[in-house]
Amino acid sequence: MIWTPFYDAVHGCSSYLVGDEVSGLGVVVDPLAEVGAEEYLLTAQEAGLRVAWVVETHVHADHRSAGRELAEAAGIAVSFHHRAPVSYPVHPLRDGQRLELGDVVLEVWETPGHTEDSLSLLVYDRRRAEEPWGVLTGDSLFVGDVGRPDLAVSSPEAAVAAASAQFDSVRRLLALPEYVAVHPAHFGASACGGIFLSRTPHSTIGFERRHNRLARIEDRQAFVDEVLRHLKPPPEAARSIRAENLGLAVKAGRSA
Amino acid sequence: MAVSAQALWQMMEHGQVTVLDIRPQGAYAAAHVPGAVSAPYSRFGWAEAVRRWVQETAAGPNGAQIALFGDNRMLVEAAQRALDHSGVAVAATFDQGVEGWQAAGLPVVAVPNLTADELVRNLQHWTVIDVREPYEWRTGVIPQALKIPLGELPHRIQELDPSRRYAIVCASGNRSQAAAAFLAERGFEVSNLAGGMSVWLGSGHPIERG
């Protein structure tokens with residue numbers, strides 16, 4: 001399996017190129033405008049991969065995405081959660097769907113909470129094992145934290161409902177085997193997490209189950225209260241960036 | 001200058017261009033334009049290597065010119081910029097890939113991939129060529145495989161029987177792609193063992209000690 005993370009440490013954003021060196025097929029997850037479509041294509045080319053899928057784990061509100069540009073250059077449509085409210089043609093993903101790259105397979109899990117259209121992707125390398133090796137958790141489970149539930153909703157009640165959905169998504173993820181590697185979409189400086197968000201970009205299910213102060217809360221109400229209590233102000237320009245990523249606006253401010 | 005498949009084919013047939021296929025080697029081995037040379041683009045040393053190669057071969061300033069073949073406009077343009085920068089003129093580019101090429105009704109040289117499971121089931125129908133280096137045969141060799149290191153293949157090609165079907169094997173499937181494409185260009189019926197001996201050994205298929 002080919003595994004190449006792209007970290008933007010300034011904004012705390014992570015994106016990933018995952019591929020199968022035998023089939024020559026790759027998928028790019030959460031491509032960043034800050035990195036640029038060409039960089040993903042060139043890196044894939046140099047790894048012997050053709051970009052066969054571009055997947056967004058959700059419509060981002062904190063940074064501009066390179067998803068459309070990259071997908072267009074690769075001659076494909078961006079894949080999103082089937083409920084993603086984007087205004088351009090996408091390839092819709094549903095729970096349980098498998099993106100087959102060869103022996104490397106990504107399995108789609110719908111993990112709403114941060115947004116209604118949040119996905120996680122289980123990563124299998126079947127040349128080594130039938131069990132999942134890792135999980136791309138998007139903005140559902142972070143290292144030390146969970147994705148904030150308030151950026152894509154417009155009322156405090158909706159934020160409570162989203163936090164409750166996040167509780168279920170996090171529980172589902174933490175039920176994976178403890179050795180499964182956790183690779184979220186954010187770390188460090190990102191405004192999509194709270195005050196516990198680690199500067200470390202990856203972890204394991206077992207470590208987070210034991211030491212993630214929010215994810216380990218087993219009572220739904222306590223989780224919702226705690227998540228909402230620790231909210232930071234929304235990222236600067238969140239609305240305009242989200243609008244741009246939705247395909248509704250041409251230009252947004254610098255990513256926060 | 002981006003050209004149509006037909007236009008590029010014409011240029012090739014008239015000996016005006018040498019086509020460099022900039023796609024990853026695996027894509028080239030799977031199917032490529034007859035006569036095209038595999039030169040997977042990378043940002044690290046590629047343009048310089050092409051410049052030296054152009055100087056050392058007939059494709060020099062008085063010989064054929066370089067044309068680029070790819071399946072992605074952004075990558076073809078990046079490769080062309082790199083060559084411009086190194087002072088290598090590019091006469092033509094084509095970025096519609098094998099799909100676009102075949103859609104124009106033009107021929108390709110194809111090397112099918114063979115999985116380890118397919119090969120072990122039908123081993124009697126294949127002559128296996130292991131193109132690894134001698135020290136690598138210690139890890140085990142597919143029973144009855146011919147052992148011809150990649151570098152020796154060009155001058156040992158007369159040992160091969162054009163009526164047989166050859167399965168080409170290396171450690172990971174990379175060198176065997178190159179070897180298979182080389183043989184396919186010369187009219188042999190070849191397949192490539194996908195993933196090479198790492199997959200064969202990992203699957204616990206039979207070996208003999210090399």
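**Close-up views of chain B**

**View 1. Strand 3 meets strand 1 in chain B.** Leu20(B) has Val37(B) as its bridge partner in strand 3 of chain B. The model is predicted: local features need pLDDT of at least 70, side-chain atom pairs count only at pLDDT 80 or more, and totals for chains, interfaces and linings use all residues. Residues are numbered from 1 along each chain as its sequence is written, and chains are lettered from A and ligands numbered from 1 in the order in which they are written. Strand 1 (residues 17-21) and strand 3 of chain B run parallel and are joined by 2 bridges. Strands (E, at least two residues) and helices (H or I, at least four residues) are DSSP runs, numbered from the N terminus.

**View 2. An open sheet of 4 strands in chain B.** The strand order is 3-1-4-5, with parallel pairing; two strands pair if DSSP finds at least two bridges between them. Strand 3 (37-38) and strand 5 (90-94) of chain B are the edge strands, each pairing on one side only. Strands of a sheet pair through backbone hydrogen bonds, either parallel or antiparallel.

**View 3. The side of chain B that touches chain A.** The contact (C-beta atoms, placed from the backbone, within 7 Å) takes 17 residues from chain B and 13 residues from chain A. Helix 2 (25-30), helix 4 (73-86) and helix 9 (196-202) of chain B each supply at least two residues of this side of chain B. Helix 4 of chain B gives the largest share, 4 residues.

Methods: Two residues are in contact if their C-beta atoms, placed from the backbone, lie within 7 Å.
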